[in-house]
Structure formats: C-alpha cells, structure tokens
Amino acid sequence: AFYAAIFVGLMLFFVYAHPLYIYDVDDWTYVSSPRPAVPMPFGWNPTRILPEILMPLAAQFGVSCINPFLQDYIQSLAIAFALVLSGVIVAYLGCLDHLLQKVYQLKKERYLLLLMILLWHFLPGCTEKAGWQHMFCADNVTGVFYYTIPSLFNMSAAFLVMSGCKLSKKNDVLLNGAMLLGIYLCINSNMYPSIILAVAVSGELFCAWLKELKNGKKFWTAVRIIICENGVKTGIVCMWFLSILLERTGGRARWASDTQSFQLGKTLSYFVQSIKALNLIWLTGTAGMVAAALIVCAMVVKRGGTAEAKRLDAVYLHQMAVCGFSFVISIVYLILLSAMVNPQYIMGTSMKLIWCFCALTVSMAYLLRRCPKTAALLPLLLCIVVSVTVTDGDVYMDNGAASYNVQTMKQLDENIIRQAQEAEKNGLKSVEIKIPKHESETWPLALSYGGERIARTLYRHGLTQTQLEIQLVMDEEINRQFGLEH
C-alpha cells in the first residue's frame with residue numbers, strides 16, 4: 001500500500017503538475033531511435049545502451065497501448081514516460097528500503113523515513129539561482145531518460161551492494177540473470193551516471209583492502225586477497241573501465257576532442273556556482289543530520305556496548321566511509337569529464353548530490369537504531385520537510401528545454417503534427433512546417449536537420465503514412481498565435 005500510494009502520487013505529479021512532453025530536436029530524435037542492446041565501438045555513443053533502448057520502448061508503449069484510448073499522441077507519450085520514471089523512483093526507494101531492513105533492521109518507522117527522504121529530493125535546487133529544480137527533473141525528456149533514470153538505476157544498484165546483496169550460490173538462474181542484466185545496464189547507461197555503481201563497488205573494495213592492511217597483510221598480498229575474494233565486484237570495476245575505453249572510440253568523444261578544449265577552470269567555476277545555488281535549508285539539514293549521527297557514533301564507540309551495538313557502529317562507519325569515498329571520487333570524475341565534454345554539465349544536481357542522500361539516509365537509520373527514542377521525532381521532521389517542499393508556494397521547474405510553458409509546448413507539438421498530416425492529406429511529399437521564431441537556429445529545434453528527425457518519428461509512430469520531407473521554417477506568426485516572445 002505504501003509503494004502504491006507513492007507511485008500514484010508520482011504519476012499525478014509527472015502527468016498533471018509537471019508533464020513530460022517532448023519538444024526539442026533531441027526528444028524527436030531519440031523517442032523513435034532504438035539501438036541494439038550491445039556495445040557498438042566507433043558508434044556515436046558506443047555504450048549508452050540503457051537510455052537508448054528504454055526511451056523508444058516507453059514511447060512505443062505509449063503509441064501502441066495508450067494512444068488508441070486517448071487519441072492524443074503527445075499526452076500518451078507523457079503518460080508512458082511518467083509510468084517509467086515513477087516506476088524507477090519506486091524501485092529506487094525499494095532498494096533503499098532493502099538496505100534499511102537488512103542492515104539496520106528498521107520496522108514500520110522506515111516508511112516515514114523513506115517518505116521524508118523522497119520529499120527531501122525535491123529541495124536541493126529550490127532556489128531562484130538553481131531554477132527551482134528537483135532531483136528528478138531535467139532540461140528535456142531526453143535528459144530524464146539519459147541522466148535522471150540512469151542515475152536512479154545506478155544508485156539503486158549501489159544500495160543493493162551496500163546491503164551486502166550478492167549473486168546467489170544456489171541454482172537460482174533467473175535471480176542471478178536479473179542481477180547480471182542490471183549490472184550490465186548500469187555500466188552501459190551513460191558515462192556520467194555509470195560512475196555511481198563503479199565508485200560504490202570500488203569503495204567497498206577499498207575499505208576491504210584497508211582492513212587487510214590493518215591486519216598486517218603486505219600491500220600486494222592484500223590486493224590479491226581482495227581480488228580473489230571479491231570476483232564479481234572486481235569484474236564490475238573492470239567492465240566499467242572497459243566501457244569508458246569503448247566510449248572513447250565513439251563519434252561523440254571524437255567530436256568533443258576535436259571541437260572542445262579541456263576547460264577545467266570554467267568547469268570549476270560552474271561547480272562552485274551550483275554549490276552556492278543550493279537550498280540552504282537542504283544543505284544545513286543534510287549536513288547537520290549527518291554530523292549528529294557521526295557525533296553520536298563517536299561517543300558510543302568510546303563507551304562500548306553489546307555485540308549488536310558494536311556491529312551497528314562498525315557497519316555505520318563502514319557505510320559512511322563508502323559514501324565519503326564515493327562522493328569525493330564522483331565529484332572529481334564529473335568535474336574532469338565535464339571539462340572535456342561541456343563545462344555546463346556539472347551544473348546538474350542529480351549525479352553530484354546523490355551520495356549526500358545516501359549518507360543522510362544511513363545516518364538517520366543509525367540514529368533510529370542506536371537511539372530508538374528518536375523515532376518520536378519522525379512525524380515532526382516529516383511535517384517540516386512537507387512544509388518546505390510541498391506547501392511553501394514555489395513552483396518547480398518543468399521538464400522542457402524551450403523555456404515555454406509545458407502546455408504551450410504540447411500545443412506547438414500538436415501544431416507541428418497537424419501541419420504534417422494536412423500536407424500528406426493534400427498529397428504533398430515535401431512540406432515546410434512553421435515553428436516559433438527563436439534566437440538559435442539549432443536549438444531547441446534545428447532548422448538544418450530537425451525536420452528529418454520529426455518526419456521519421458511521425459512515420460515510425462504511425463502519425464503519417466509516408467515519411468515526408470519536412471523543412472522547418474521560423475515564422476513570427478506562430479509566436480503571435482501562441483503568445484511567445486523571441
């Protein structure tokens with residue numbers, strides 16, 4: 001019932017409050033461009049498998065299963081996308097719930113904690129400087145599938161790793177197969193979010209290696225022991241490095257190296273700006289709760305306690321070490337990658353802050369177990385979180401790159417479709433489609449190649465019977481018709 005309620009709430013949010021409408025050229029391109037689920041060396045993005053199969057699959061579900069009932073193509077796609085995003089968020093919470101139950105043995109109080117953590121995801125970017133972002137939004141639908149969903153997917157796997165989840169030694173072929181598929185899709189998701197699982201596994205291996213050194217093992221002896229005892233985790237790290245090497249053979253990487261210089265200074269500047277733009281309540285609340293848990297842990301460790309208490313202290317310190325290691329390595333990696341590709345990419349909140357949510361959750365779980373009476377504060381804390389995320393009157397950023405109202409984006413989409421269908425009905429094979437006048441000829445709709453991408457999607461999704469030759473033309477009349485500035 002808890003997860004069903006969360007799913008319904010998320011669906012309402014992503015269907016009615018902030019719908020996932022396609023609009024820009026990337027959306028029109030990738031919504032109907034599936035790829036084989038295998039790495040393709042020398043392709044545009046050789047290992048970007050997860051988003052490139054999930055987005056067109058979700059779109060096809062919307063076209064085939066929802067549109068026949070609604071007779072509204074854009075809305076049908078939005079519902080299908082909301083189903084996927086809501087489902088992934090619920091799965092993300094489910095993996096976190098598994099961690100809370102298995103490691104911290106939390107009971108019913110974990111539901112209040114999970115709800116609070118979910119709502120806390122809507123706060124870090126809630127400032128005017130950050131554009132009122134929440135952790136699940138992106139600049140467009142493509143960004144949701146290519147960055148937000150892979151980040152959640154990788155973090156879900158990281159939660160399972162931290163909870164001690166392993167391949168079954170029994171003959172449970174389906175379970176092992178599902179876990180291997182999840183690992184494969186995490187690694188081959190996107191160069192940005194794939195670091196999440198890689199550093200989580202690396203953090204576990206690093207802590208285990210330090211433990212061996214502490215026990216008197218020599219450097220390379222400890223390395224050999226860790227590799228032999230953690231074959232799957234070592235394999236994950238190796239597969240991730242291989243995916244990075246394969247990605248370097250791709251057209252996107254070659255284009256970046258040919259057209260972009262290494263802009264470390266600019267990237268660091270953007271990074272500092274993004275940190276300064278964070279919501280102060282979120283920042284102080286997260287840091288304060290983590291600090292409180294660490295202080296409590298330091299105090300009780302000195303006093304000692306029962307075997308269970310000592311186990312809990314050790315597990316918490318270990319997980320905080322993994323979180324700290326993963327956070328630092330992730331930030332360094334994201335900064336270096338953004339310096340090579342696009343400095344503005346570091347401005348996104350979901351990937352660089354996601355380990356903060358992990359540290360916050362395990363810290364609160366530790367406090368609930370070590371100081372059970374703190375559970376009485378959960379309703380009060382939940383009330384405070386609701387007050388700053390749901391009822392403060394601010395409006396979250398919509399998922400759209402065009403800076404138009406989302407309903408206006410939907411109307412513009414429908415206008416494009418209507419022009420194409422009317423041209424086909426009149427027997428035309430080539431048509432000029434009028435779009436709003438914009439300062440850029442390449443974004444959000446590219447005049448040079450956007451028409452071909454739109455025509456291909458309309459044909460593949462059955463909105464036209466033939467693939468038209470579409471040329472996009474800017475027209476101020478469209479701006480006046482829809483009340484748009486340019």
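Which helix supplies the largest share of the lining of the largest pocket? Helix α6 does, with five residues. (Helices are DSSP runs of H or I, at least four residues, numbered from the N terminus.)

## About the model

This is a predicted model, where local features need pLDDT of at least 70, side-chain atom pairs count only at pLDDT 80 or more, and totals for chains, interfaces and linings use all residues. Numbering runs from 1 along each chain as its sequence is written, and side-chain values use heavy atoms, leaving out hydrogens and water.

## The largest pocket

A pocket here is an open set of points on a 1 Å grid over the protein atoms alone, where a 1.4 Å probe fits, with protein on both sides within 12 Å along at least five of seven lines; lining residues have an atom within 4 Å of a point. Volume is the space filled by probe spheres set on the points, which are joined across faces, edges and corners.

The largest pocket holds about 1,600 Å³ of space. It has 49 lining residues, and the closest to its centre are Asp 139, Asn 140, Tyr 147, Asn 342 and Tyr 345. Helices that each give at least two lining residues include α6 (141–162) and α15 (350–370).

## The second largest pocket

This one has a volume of about 670 Å³. Its lining has 26 residues, with Val 161, Cys 165, Lys 166, Met 179 and Ile 183 nearest the centre. Helix α6 turns up here too, and α4 (73–104), α7 (173–187) and α10 (231–247) also each supply at least two lining residues.
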